[in-house]
Amino acid sequence: MQPKPARVVAIYPGSFDPITSGHLDLIERGSRLFDRLIVSVVRNENKQPLFSVDERTEMLVEAVAEMPNVEVDCFEGLLIEYARTKQATVLLRGVRAVSDYEYELQMAHMNRRLAPEIETIMLTAREAHSFISSRLVKEVISLGGDIAGLVPRFVEKRLRQRLHLAAEEEEPIRL
Ligand code: PNS
């Protein structure tokens, strides 16, 4: 057994295409649990993302600007190898529903087999975020649905630009 490190570094890996309010909540909660939290965007050539890794990273950087112990990075290859290069001992993941749990459990077991010194910690999503996913947010906005509150405002703006949708009406200024 490895002793507890003086400073616990955690990695929160994911696709973040784009970041949602659910991700942001998990990042905030993770930042209170660990000394350093690295939110890391996976480079996965097999997926067809809406935003490039650089764009997703840019949005994450903007979203975590007020959190001093959180940084944003990207990685490719095996997650546990990347975690080792960062001296991370924790992998952070969010679980929204039982359906997520099966996939998360499988990954956690595989990662533990590959790197027994690294623990996966799963946080349950806040009830209000339990139905939010990047995939559904993209589908809803592209079909004209309202996604207010499901992603940060600036992310909604980026989605509208990317999907060539009309900008949201500004709130009228009341005199
Ligand atoms: O947000 P996602 O798409 O659910 O994140 C999945 C992610 C990035 C955590 C997973 O695909 C991953 O860890 N990829 C890196 C490659 C790897 O290590 N695969 C083995 C995991 S058991």
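**View 1. The largest pocket and its lining.** In this predicted model, 46 residues line the largest pocket, and G14, S15, K47, R93 and Y103 lie nearest its centre. (On a 1 Å grid over the protein atoms alone, a pocket is an open set of points where a 1.4 Å probe fits, with protein on both sides within 12 Å along at least five of seven lines; lining residues have an atom within 4 Å of a point.) Its volume is about 1300 Å³, counted as the space filled by probe spheres set on the points. Helix α4 gives the most to this lining, with 10 residues. By type, the lining splits into 19 nonpolar, 16 polar and 11 charged residues; Ala, Val, Leu, Ile, Met, Phe, Trp, Tyr, Cys and Pro count as nonpolar, Asp, Glu, Lys and Arg as charged, and the others, Gly among them, as polar.

**View 2. The second largest pocket.** This one holds about 270 Å³ of space. M1, Q2, P3, K4, P5, V8, T89, V90, P116, E117 and E119 line it.

**View 3. Helix α2 against helix α6.** The axes (lines fitted to C-alpha atoms over the stretch in contact) of α2 (residues 53-63) and α6 (residues 153-162) come within 10 Å and cross at roughly 155 degrees. That makes α2 roughly antiparallel to α6 (angles over 145 degrees). Touching here (heavy atoms within 4.5 Å) are E55, E58, M59, E62 and A63 of α2 and F154, V155, R158 and R162 of α6.

**Notes.** Residues are numbered from 1 along each chain as its sequence is written. Local features need pLDDT of at least 70, side-chain atom pairs count only at pLDDT 80 or more, and totals for chains, interfaces and linings use all residues, while side-chain values use heavy atoms, leaving out hydrogens and water.

Methods. Axes are lines fitted to C-alpha atoms, for helices over the stretch in contact, and angles run from 0 to 180 degrees between N-to-C directions. Helices (H or I, at least four residues) and strands (E, at least two) are DSSP runs, numbered from the N terminus. Angles under 35 degrees count as roughly parallel, over 145 as roughly antiparallel, 65 to 115 as roughly perpendicular and the rest as oblique.
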